[in-house]
Amino acid sequence: MSHNNDVIANEEINPQKLQNAREIILALQAAMPDYIAAGSGPFLAAVYDENGHLVAQTANSVVGELCSNNHAEMNAIKAAEKALGTYDLSSHNLSLYVTSEPCMMCIGGIMWSGIKAVYYGVPSKEVEQITGFDEGFKPNWFDEFKKRGISVYGNIETEAGKKVLHDYVKNGNTVYQPERK
């Protein structure tokens, strides 16, 4: 695993890819308050093509749409598939940018979608500490993605993302998860 300050990756870190990811993730973090004000959860994801064109951008809509599967990543993948008219995104060489590390469900969805690269902000451990949301069990997912040809860069612009999450919780917004006893 490669490191660049706090950024981690499952390949040698490419400075241009990292700079591009920083810009996109900061823009997503800056947009989050508007999405939250409209009723979305505190996560935003965007799919871009290899030429830097936005294909889809969606927020978490679990609470508003009453569907536990509607995480930002899953919504972005669905929107990209619809926009491109396919269930297999692999031939489009797409990258997914997300404000926080994908949870267990989203990792599966990303892997099967054909997305080629994932860039994320706040790591799961910090998402869990701030929100209490259970990110799930994700053994060696960086390595498993690498085996499948999927690049991963993480911990990008985490301070901006942590602020959004702290504000979301402080303002009393819903952090959903099944009740466990």
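1. Basis. The model is predicted, so local features need pLDDT of at least 70 and side-chain atom pairs count only at pLDDT 80 or more, while totals for chains, interfaces and linings use all residues. Residues are numbered from 1 along each chain as its sequence is written, and side-chain values use heavy atoms, with hydrogens and water left out.

2. Asn-10. This residue sits in the loop between strand S2 (7-9) and helix H1 (15-37); helices (H or I, at least four residues) and strands (E, at least two) are DSSP runs numbered from the N terminus. Asn-10 has a relative accessible area of 6% and is buried (under 20%, 1.4 Å probe, protein chains only).

3. Side chain of Asn-10. A polar atom of this side chain lies 3.0 Å from the backbone oxygen of Ile-150, and a polar atom of the side chain lies 2.9 Å from the backbone nitrogen of Val-152.

4. Largest cavity. There are 2 cavities of 30 Å³ or more (sets of points on a 1 Å grid over the protein atoms alone where a 1.4 Å probe fits but cannot get out; lining residues have an atom within 4 Å of a point). The largest cavity holds about 110 Å³ of space. Of its 14 lining residues, Phe-43, His-71, Glu-73, Phe-133 and Glu-135 lie nearest the centre.

5. Second largest cavity. About 80 Å³ of space lies here, and the lining includes Phe-43, Asn-60, Phe-133 and Tyr-176.

Conventions
Buried means under 20% relative accessible area, exposed over 50%, partly exposed in between (1.4 Å probe, protein chains only). A polar contact is a pair of N or O atoms within 3.5 Å; within protein, one must be able to donate a hydrogen and the other to accept it, and residues adjacent in sequence count only if both atoms are side-chain atoms. On a 1 Å grid over the protein atoms alone, a cavity is a set of points where a 1.4 Å probe fits but cannot get out, and a pocket is an open set with protein on both sides within 12 Å along at least five of seven lines; lining residues have an atom within 4 Å of a point. Grid points are joined across faces, edges and corners, and a volume is the space filled by probe spheres set on the points.
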